[in-house]
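Q: I have a model open and want to learn how to read it. Where do I begin?

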Amino acid sequence: MATFLRRPGNLARFSRRATEHISRTIPVSTRVPSPSFSPFIKSTHIQTFTTTGSKCQAVPPNDPKSEKKGSQEKSILNEQDQKNLDAFVKTVENRIPESQHEALHQMRKQLMRDGLPPDVKNFIEKRDASLMDYLRMMRFLLKYSNEQASKDAAEEAAKFFDKTQDGKESKAQRDDQGKENDSKDESDPEKKKEKEEQQKKKKQGANLPPGAKVFEFRFDPASFLVTSLVTYYIYRSFFPGESSGREITWQEFRANYLDKGVVEKLTVLNHSRVRVEVNRDAVASVQSDASASQPAHVFFSIGSVDSFEMKLEQAQNQLGIPPHERIPVAYVDEVPWGSALLSFAPTLLLFAGIYWFSRRAGGGAGGQSGIFGIGKSRAKKFNHESDIKIKFSDVAGMDEAKVEIMEFVSFLQQPERFQRLGAKIPRGAILSGPPGTGKTLLAKATAGESGVPFFSVSGSEFVEMFVGVGPSRVRDLFANARKNTPCIIFIDEIDAIGKSRAKQNFGGGNDERESTLNQILTEMDGFNTSEQVVVLAGTNRPDVLDKALMRPGRFDRHIAIDRPTMDGRKQIFRVHLKKIVTDENMEYLEGRLAALTPGFAGADIANCVNEAALVAARENAEKVVMKHFEQAIERVIGGLEKKSLVLSPEEKRTVAYHEAGHAVCGWYFKWADPLLKVSIIPRGQGALGYAQYLPAGGDTYLMNTNQLMDRMAMTLGGRVSEELHFETVTSGASDDFNKVTSMATAMVTKFGMSKKLGYIYYEEDPQQQIHKPFSEDTARSIDIEVRRIIDEAYKQCRDLLTEKKAEVGIVAEELLSKEVLGRDDMIRLLGPRPYPESGEFAKYFDGKGGQTFAPPEPAQDPEETLGKDGRDQTPIP
Ligand SMILES: Nc1ncnc2c1ncn2[C@@H]1O[C@H](COP(=O)(O)OP(=O)(O)OP(=O)(O)O)[C@@H](O)[C@H]1O
């Protein structure tokens with residue numbers, strides 16, 4: 001203990017503190033054990049007090065009176081124990097600062113009064129305490145101090161309440177009053193709760209005098225372990241263990257130990273060092289005050305065991321020590337396990353590093369991590385209770401798709417209804433359609449409605465650079481799903497793995513992808529019909545999928561989800577507008593926005609609504625109004641206005657006349673689309689002008705020859721207007737020509753609208769660019785026919801614009817001055833359109849709702865463009 005306290009480490013500090021605590025007979029200060037040791041403390045309450053009234057009487061440590069007083073004190077220790085304790089106290093006293101002496105004596109007093117607990121007794125008697133002894137001692141002291149503190153607290157509290165006995169009468173009165181209040185509080189649940197809490201607190205700090213604090217410490221195994229290691233480290237650094245210690249020389253050993261006859265035993269460690277164990281009693285008898293300061297053992301190094309033995313023998317001979325009293329010598333080979341452990345540190349660090357990196361690499365993989373988890377499925381599992389809140393009511397439009405998929409929901413909810421009649425349960429469905437049409441949303445809603453777990457994974461997540469990972473992930477996914485039946489698996493973008501195997505093999509196959517697909521096929525086949533696992537898959541390209549995937553028994557259903565119709569768009573707007581703060585008439589707003597956004601998918605609509613709210617927020621508006629929605633739609637379609645792009649007056653004039661040509665054509669051709677808005681402010685994607693047209697016939701799905709011809713003529717209106725009003729023409733019409741050519745080619749090669757070529761359909765396949773599916777003659781005929789149709793459209797356009805040259809001029813000049821023209825302006829400038837317009841759309845553009853915008857139908861390929869309503873509403877460059 002003496003050595004221990006002499007060290008400046010934590011252990012010593014702690015011991016001193018604990019000693020102080022033990023020594024306290026009356027509560028004096030608010031001391032709590034150092035936090036560094038808190039993990040050692042089990043869940044106990046240590047009560048400390050801030051009572052200021054009583055203070056310890058300081059006892060001068062070396063005061064002889066105090067010694068005397070001590071000896072007169074009541075003691076239950078026997079003589080030997082008392083002697084040991086006194087020696088111990090004296091030893092410690094010499095090593096600790098004076099301020100601690102008082103506490104030490106208090107502790108001594110208390111131990112004399114209560115007796116020496118066995119642990120303390122052993123510790124005091126022991127000369128060669130180990131780490132475990134110190135730890136045991138610490139634990140004991142702490143426990144002991146806690147018990148003492150509680151005992152003291154109880155005593156102090158008793159005293160405190162005794163003092164208040166004088167006011168007994170008034171207390172009784174208070175009690176009566178309290179009881180009355182209690183009965184009142186019972187009726188009020190909040191007060192009752194408060195009271196319960198107070199009672200709980202009271203119980204915790206039972207009988208605490210005012211000012212008392214309660215500290216609570218919890219046992220935490222992890223920090224216990226860490227603290228133990230740290231403690232051990234500190235211990236080792238201050239008590240370097242058996243293999244090191246205070247080094248002395250042979251001469252010192254001879255002079256101070258051997259010659260004085262205080263050596264009890266010698267131990268030769270690892271043939272290189274000698275541990276000298278000192279007999280303290282002998283030391284005490286030789287030097288009256290040195291016993292305490294003498295360490296239990298010292299060390300010296302030896303060159304070799306033989307020379308040491310020789311020297312020792314000589315020395316003992318010289319001292320005349322008889323053979324039977326000679327100092328015993330032991331030989332020990334010790335492995336310092338601490339340093340042995342340390343030698344493993346780099347290896348351990350390496351393994352820890354590898355483990356950490358592999359965890360990071362596999363991190364976020366649906367709970368699978370580590371390099372060994374690479375073959376695990378990366379599907380995210382959504383819990384129907386917490387994660388999937390989407391219901392069918394959140395999926396607007398697509399009523400037919402919902403009906404189809406509803407069957408899966410009823411299958412998952414009541415499978416027996418189907419099985420009873422001998423029906424086989426459908427295995428899965430492929431949801432196909434253009435991007436953003438709500439395929440994922442529908443799959444999620446299916447899971448939300450049926451209340452089953454939902455595994456969502458993307459097809460590309462099966463593809464990894466390692467061979468065999470894809471199939472392994474598929475196996476893992478299905479195994480997981482089977483464990484969680486009933487459930488839904490959703491594989492998004494299944495075309496990433498489900499591409500037709502025949503097509504892939506062209507120019508070298510992809511075996512990994514193929515085996516992944518095979519594994520999916522096998523897993524879907526392997527389903528037991530009673531296993532309630534439904535597989536849904538989403539794709540934008542159903543045409544490229546392998547036929548084996550689509551056969552009955554695998555993906556039984558094929559649910560096509562198209563871009564929403566006018567009514568569908570209204571419903572989608574309704575869903576998304578719910579979250580928007582607006583005062584507009586909802587019915588009108590939905591209808592008008594739906595009319596403005598033909599060809600928009602659900603995702604575009606959600607984006608538009610959000611964009612409108614952002615536009616309004618940028619203006620610091622209180623509410624989102626129609627203007628914001630229209631700006632948002634315009635921005636979504638045309639991109640940002642490029643205010644920085646300044647056109648020269650010449651260019652601006654050309655753009656104005658070009659746009660005016662389109663607008664006038666749209667106004668006067670019966671089957672063309674009338675203008676909604678035209679602007680000559682440049683926008684993103686290189687568009688210098690921008691025109692939007694109202695779909696004349698509403699959402700149209702078939703186009704007749706008249707419509708196609710009028711549309712082509714209108715598309716050529718820009719260039720014709722340039723020809724009529726300027727000496728030269730510009731490159732601005734090239735995109736118009738592209739559209740016109742596509743339309744005319746489709747009329748000839750696909751729609752059977754050319755008498756010369758007849759009823760024939762030629763696939764527009766990029767692979768057939770080299771080997772055309774028609775002869776040279778037919779190719780020449782197609783060329784001639786396409787040219788003829790375009791020439792007709794041109795003539796039709798030129799005739800009209802020559803006739804309406806003045807009108808084109810009026811519109812163009814107005815456009816130059818205002819930069820933006822709307823439908824109302826057109827009516828003002830040209831008079832009402834001479835043809836009736838389709839009711840559904842026109843209803844929302846009666847001039848009351850302000851300027852309007854109608855965005856283009858996405859025109860990826862001519863077939864798609866013309867297959868709908870054939871409107872051309874893309875930005876005009
Ligand atoms: N019918 C709809 N009703 C309501 N919101 C919709 C609808 N369709 C799409 N949305 C909105 O569009 C977002 C994107 O839809 P989703 O992810 O389902 O499209 P997707 O068809 O799976 O697209 P992709 O083919 O690109 O994966 C949805 O989060 C939702 O906000």
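**Reading the model**

A: Begin with confidence. Over residues 178-186 pLDDT stays under 50, and there the model has four contacts beyond four places in sequence. This is a predicted model. Where pLDDT is low, the predicted coordinates should not be read in detail.

Q: For residues 849-877, how many contacts beyond four places in sequence does the model have?

A: There are 98 of them. pLDDT again stays under 50 over residues 849-877.

Q: Where in the chain is confidence lowest, and where is it highest?

A: Strand β1, residues 45-48, is lowest, with a mean of 33. Helix α31, residues 776-803, is highest, at 93. The chain as a whole averages a pLDDT of 73. Of its residues, 64% score at least 70. Two further scores go with the model: ipTM is 0.97 and pTM is 0.54.

Q: How many helices and strands does the chain have?

A: It has 35 helices and 15 strands. Of the 877 residues, 34% count as buried. Then take the contacts between residues at least 6 apart in sequence: 75% of them join residues at least 24 apart.

Q: Now the ligand. Which residues are closest to it?

A: G438, K439, T440, G602 and A603 are the closest. In total, 19 residues surround the ligand. By type, that shell holds nine nonpolar residues, eight polar and two charged.

Q: Which helices each supply at least two residues of the shell?

A: Three do: α18 (439-450), α24 (566-577) and α26 (602-618). Check the domains next. Domain 3 (374-546) and domain 4 (566-638) each provide at least three residues of the shell around the ligand.

Q: What should I look for in the interior?

A: In soluble globular proteins, nonpolar side chains tend to be buried together. Here the largest nonpolar core has 67 residues. L431, L442, I488, I489 and L536 have the most contacts inside this core. Helix α26 gives the largest share, six residues.

Q: Why does this core lie between domain 3 and domain 4?

A: Both domains give residues to the core, so it lies between them. Domain 3 spans 374-546 and domain 4 spans 566-638.

Q: Take I488. Which residues is it in contact with, leaving aside neighbours within four places in sequence?

A: I488 contacts T446, A447, V452, F454, V534 and L536.

Q: Loops next. Does I425 count as buried or exposed?

A: I425 has 20, so it counts as buried. I425 sits in the loop between α17 (415-419) and β8 (428-432). G553 is 128 residues from I425 along the chain, yet their C-alpha atoms are separated by 9.2 Å.

Q: Where does I680 lie?

A: I680 is in the loop between β13 (675-679) and β14 (690-693). It has 25 C-beta neighbours inside 10 Å, so I680 counts as buried. Leaving out residues up to four places away in sequence, I680 touches K652, V655, A656, E659, G689, L815 and E819.

Q: What do I check in the backbone angles?

A: Check for positive phi in residues other than glycine. M398 is a case, with phi near 35 degrees. M398 lies in the loop between β7 (380-382) and α16 (399-413). With 28 C-beta neighbours inside 10 Å, M398 counts as buried. E493 also has a positive phi, about 50 degrees, and is not a glycine. E493 lies in the loop between β10 (487-492) and α20 (495-498). With 19 C-beta neighbours inside 10 Å, E493 counts as partly exposed.

Q: Where is Y588 placed?

A: Y588 is in helix α25, residues 586-596. It is partly exposed, with 14 other C-beta atoms within 10 Å. Y588 and K570 are 18 residues apart in sequence, and 9.9 Å apart from C-alpha to C-alpha.

Conventions. Residues are numbered from 1 along each chain as its sequence is written. This is a predicted model: local features need pLDDT of at least 70, side-chain atom pairs count only at pLDDT 80 or more; totals for chains, interfaces and linings use all residues. A residue is near a molecule or strand if its C-beta atom, placed from the backbone, lies within 6 Å of it. Helices (H or I, at least four residues) and strands (E, at least two) are DSSP runs, numbered from the N terminus. Ala, Val, Leu, Ile, Met, Phe, Trp, Tyr, Cys and Pro count as nonpolar, Asp, Glu, Lys and Arg as charged, and the others, Gly among them, as polar. Domain bounds come from an automatic or database domain assignment. A nonpolar core is a set of buried Ala, Val, Leu, Ile, Met, Phe, Trp, Tyr and Cys residues joined through C-beta atoms within 7 Å. A residue is buried if 20 or more other C-beta atoms lie within 10 Å of its own, exposed if 12 or fewer, and partly exposed in between; C-beta atoms are placed from the backbone. Two residues are in contact if their C-beta atoms, placed from the backbone, lie within 7 Å. pLDDT is the predictor's confidence in each residue, from 0 to 100.
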